[in-house]
There are 2 protein chains.
Amino acid sequence: MIKVLVPWAPSAEAILPYLREIDANQWYTNNGPLVKRLEDRMGGVSVSSATLGLELAAPLVFRKKRVRIPAFTFVATATALIRAGFEPVLCDIGDDWALVDPDDESLAVCPFGASTEPGGMVDAAAAWGNQHYGARVFSLHATKALSGGEGGMICGLDEEQEARVRSLANFGLQPSTQFEHGVVTESGTNAKMSEYHAAVALASLDAWDETSAERKQLEAAYRERLEGWVEMQPRLNGVYTTFPVLVPQAERVAFDLASKGIETRRWYTPTLERHPAFAHLEREGALANCRAMNEQLLCLPYHLHMSESDVDQVCEVLKWAMNRSVTTPTCSRPITRTASQCTVDQPRA
Amino acid sequence: MIKVLVPWAPSAEAILPYLREIDANQWYTNNGPLVKRLEDRMGGVSVSSATLGLELAAPLVFRKKRVRIPAFTFVATATALIRAGFEPVLCDIGDDWALVDPDDESLAVCPFGASTEPGGMVDAAAAWGNQHYGARVFSLHATKALSGGEGGMICGLDEEQEARVRSLANFGLQPSTQFEHGVVTESGTNAKMSEYHAAVALASLDAWDETSAERKQLEAAYRERLEGWVEMQPRLNGVYTTFPVLVPQAERVAFDLASKGIETRRWYTPTLERHPAFAHLEREGALANCRAMNEQLLCLPYHLHMSESDVDQVCEVLKWAMNRSVTTPTCSRPITRTASQCTVDQPRA
């Protein structure tokens, strides 16, 4: 069995020196020294998760109640806005798999971590190392390239927004005096990162050069083997945690791969408009490219526990699966600029 | 300097065996094996914090928009309800320092961890080991007797409520299939406890017999020394993390103690109606006992790094501070059943 995702995190031994620091500091959460060091190294404001980060930062960025988002994203993009009192407008994606025409009242998304035009703010959950501008919220969730177990980091806010997010993440309390808690001027929640998650994230950062190089090698290995066979996500030379491809009849192909011991996932599908909780949300247009994604998206195994021969095996089985069946070999998907690539008349391995 | 609070948490070495389990499991968050073990041992549903727990559980319990809470509590009691779309009604406390007349549409609070009538639900943040009934939300924050660094545990829900909270803590996703994420039927957030926080909490549970016995000794040492001098919180034989007393001119006494190297805090003050963000909330009555708390509450140093001679020193300095100054030695506070105790005509040490 080749798993689709095995999260990478620093070992207990790599975390231990940080835990000993926590012991010495007797400081376990509430903006402790490790959290501050992590914020310095990442250049942002830490939060307990990217989702909470989006919830707290969105009201500081967006002026209108309606906020455009791509329907092709992880569900948290929508839930965070809803929880923060906004009405997401579900929009289509373009050739780059990202929100079409992001403007100031758009929450763009880095699709599978690929950099994007940020709009008013960008859900950069999977994009640490890739998205370098815009008000952007990164995730440190275990499945991400840079893992804190859980956690988030908001970058690109101005000084006043940073101060407000810090307060909102601490219930909305203003700084304390020696004798009293500060008062709440704007009601918030608890979205603080603990020293323990900061410890894990710091140990992950220590290993970043190595792990990001390995991820890039994995990406290159897949691209070399699948060039001309499937459509792959347009990506810069970044650091990714999944390898999505477009194939006709993706669900059938996924079953075929599973029958050969290869696990896949169809992340970001079903697209948001197909979730009962989001069915009532306003839509912009017919979401044609999102519909194509629902039919064709497939994420292949991609993690640091894979060998190059695992990649060989995945690609061979994928090609086998694509060549069998398919009674109607035409491609109706409108997303790609090179639509002819997605017929089944593929070169054989 | 005697600090008012030094959080206790298990040492790096006590946590290490759990971290090695995490390594072996390659499972870092999303309802992993350590979280499940912690839930089994504590008998509840884990969440990333008590605040998020209250935010997610309140809508499953309360039917009306107005929810009664005591104004004498930590601010999160109010912020959680506000974030969940409720309108807190600020109410007074009784002789037991807890919400007066809790009913089904009340969120009661365990004041400083003391058990209470639960109302519809109880904010039992500091009450692990003390509050044994009601739909109750415990905190595993670093300052609590049972620490996970951050974290929360909701106990006393029925099976359907538990399932809904689990889903809401995972964005509202229904369980996944092999190939696809489940769909969102009710929009949630990320309130999952990570394996790392579960590791810390499990190591804290392992030490619970010892740490809770020490906390009880500390309580007894204070009560013995301060009996007849100050009014102390009515408490059962539980496990506490702070030692609050009522003294006339608490703020002045706090300054006097600080001048002698003894740190205090006036937790739960100012009471909620005095926070700008809560000033507009409906109030039930004049909150006379809350007003008394604002004048008289003082939390003395109380933590597991204190010796019995530290307790001696705190009590001696407290008695000194109470005996100096006080030009108007009368007590206007209506809260106590034994109001005569809170004049300055105290026995000398």
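Predicted model: local features only at pLDDT ≥ 70, side-chain atom pairs only at ≥ 80, totals over all residues.
Local features here need pLDDT of at least 70 and side-chain atom pairs count only at pLDDT 80 or more, while totals for chains, interfaces and linings use all residues. Residues are numbered from 1 along each chain as its sequence is written, chains are lettered from A and ligands numbered from 1 in the order in which they are written, and side-chain values use heavy atoms, with hydrogens and water left out.

Visitor: In what order do the 5 strands of the open sheet in chain B lie?

Guide: Strands are DSSP runs of E of at least two residues, numbered from the N terminus, and two of them pair if DSSP finds at least two bridges between them. The edge strands of chain B, each pairing on one side only, are S1 (45-47) and S4 (107-109). With mixed pairing, the order is S1-S7-S6-S5-S4.

Visitor: Which residue of S7(B) is the bridge partner of Phe138(B)?

Guide: Strand S6 (residues 136-139) and strand S7 (residues 152-155) of chain B run antiparallel and are joined by 4 bridges. Within S7(B), the partner of Phe138(B) is Met153(B).

Visitor: How many disulfides are there over all chains?

Guide: A disulfide is a pair of cysteine sulfur atoms within 2.5 Å. For Cys91(A), which is in no disulfide, the nearest cysteine sulfur is that of Cys290(A), 9.0 Å away; for Cys155(A), also in none, it is that of Cys110(A), 12 Å away. Over all chains, the count by this rule is 0.

Visitor: Is Cys91(A) buried or exposed?

Guide: Buried means under 20% relative accessible area, exposed over 50%, and partly exposed in between, with a 1.4 Å probe and protein chains only. Because its relative accessibility is 0%, Cys91(A) counts as buried.
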